[in-house]
Amino acid sequence: MLSWSTQVTKMAGSGMCKTLASLLQPSLLLSKLATVTRCLHGSPALEGKIKFIKQGIDINKYTLRPLRLIKSGGRGYDGRIWTHGVGGGHRQNYRMVDFKRVGPKEGDPLVEKVLSVRYDPCRSADIAVVAGGEHKRYILASQNMKTGDLIKTSGKLTRMAVRAAEGDAHPVGSLPLGTIVHNVEIFPGEGGKFARAAGTSAQLMRKVDERCILRLPSKREISVSQECMVTVGRVSNIDHNKKPIGKAGRSRWLGIRPQSGLWHRKTGYNGRKIKAAKPVKVYAKKPSKKPLRHTFTV
């Protein structure tokens, strides 16, 4: 059986479809190794920020002004549902919370004053407005933080354990064993990644050479550099999960859609299981960044 390209060429030679052949001939003569560049995915660093960039907001410029948050309804950039059970809800404004507690590595620590503790609709924990010097910013509020408190941020790594108060930020290697912390960095200088939800905390279990082992709320243990910054204490709003919803309408106010009414068979995934503890997860090397564009051949 003749191929499609051979059939088109014979048709063109017989004069049946000279116009069609003249349009298709250049594409048929392309090399089989023609290189085509296509964007398969966006940058992971821009996920969740595109909605602000489209509004003309400079995401690299910090502001205390609440930003308008456009709801996605659980859809991704391709229009398909990425997260189920999301949609509707009351209008929300986004606050730029600074998860980086950067302090001087030599000399006196950075001292900031808590101006107010506020509710944030975009997260379960409360946030605090702090000011130090000529700068003001939002940070996560700790459990007992109140207006007028003075908090310290130090980047100095000490040999002797420091006695830190709640709300202070220090390198995890400078704290004594058993300390309750939150807003834990996994790589120095990247900002807190773990223990940021309401009422959560991590605990410093042990120190091995220049590494520190912390136990997360999920009981999983991680190993991070002793230079990673953490904040002492537990995240605020610890009774967040104890508040009753009360009615179905309040879930819709919160942007939570109802689940399907169909019966779902329970499998062995559900229920209590006794499992062996997972090994310590080591964060030693940063993962390589994915390219914005992939080049492939056709």
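The mean pLDDT of the protein chain, a predicted model, is 84, and 81% of its residues reach 70 or more; pLDDT is the predictor's confidence in each residue, from 0 to 100. In this predicted model, local features need pLDDT of at least 70 and side-chain atom pairs count only at pLDDT 80 or more, while totals for chains, interfaces and linings use all residues. Residues are numbered from 1 along each chain as its sequence is written, and side-chain values use heavy atoms, with hydrogens and water left out.

**First stop: the start of the chain**

Select residues 1-41, over which pLDDT stays under 50. For these residues the model has 36 contacts beyond four places in sequence, a contact being heavy atoms within 4.5 Å.

**Second stop: the salt bridges**

A salt bridge is a side-chain nitrogen of Lys or Arg within 4 Å of a carboxyl oxygen of Asp or Glu. Side chains of opposite charge can pair when their charged atoms come close. How many salt bridges does a search of the whole structure find? The search finds seven.

Select Glu-112 and Arg-137, which form one of these salt bridges, with the closest N and O atoms 3.0 Å apart. Glu-112 lies in strand E4 (residues 110-118) and Arg-137 in strand E6 (residues 135-140), so the pair ties together parts that are 25 residues apart in sequence. Helices (H or I, at least four residues) and strands (E, at least two) are DSSP runs, numbered from the N terminus. Are these two residues buried or exposed? Glu-112 is buried at 5% relative accessibility, and Arg-137 is buried with a relative accessible area of 11%. Buried means under 20% relative accessible area, exposed over 50%, and partly exposed in between (1.4 Å probe, protein chains only).

Next, select Lys-146 and Asp-149, whose side chains meet in a salt bridge (3.6 Å, N to O). Lys-146 is exposed, with a relative accessible area of 52%.

Then select Arg-215 and Glu-221, where the N to O distance of the salt bridge is 3.5 Å. Arg-215 is partly exposed at 32% relative accessible area, whereas Glu-221 counts as buried at 14%.

A disulfide is a pair of cysteine sulfur atoms within 2.5 Å, and a search of the whole structure finds zero of them. Cys-212 is buried, with a relative accessible area of 1%, and Cys-228 is buried at 0%.

His-170 is buried, with a relative accessible area of 11%. Leaving aside neighbours within four places in sequence, His-170 is in contact with residues including Cys-228, Met-229 and Val-230. Ser-154, Val-162, Ala-164 and Leu-175 are also among its contacts.

**Last stop: a nonpolar patch**

Select Ile-245, Trp-253, Leu-254 and Ile-256, which make a nonpolar surface patch of about 390 Å². Patches are made of residues with over 30% relative accessible area and no salt bridge: like charges are joined within 9 Å, nonpolar side chains (Val, Leu, Ile, Met, Phe, Trp, Tyr) within 5 Å. Ile-256 lies in the loop between helix H4 (248-253) and strand E14 (281-282), and is partly exposed, with a relative accessible area of 42%.

Terms used. Areas by Shrake-Rupley, 256 points an atom, 1.4 Å probe, with all protein chains shown as cover.
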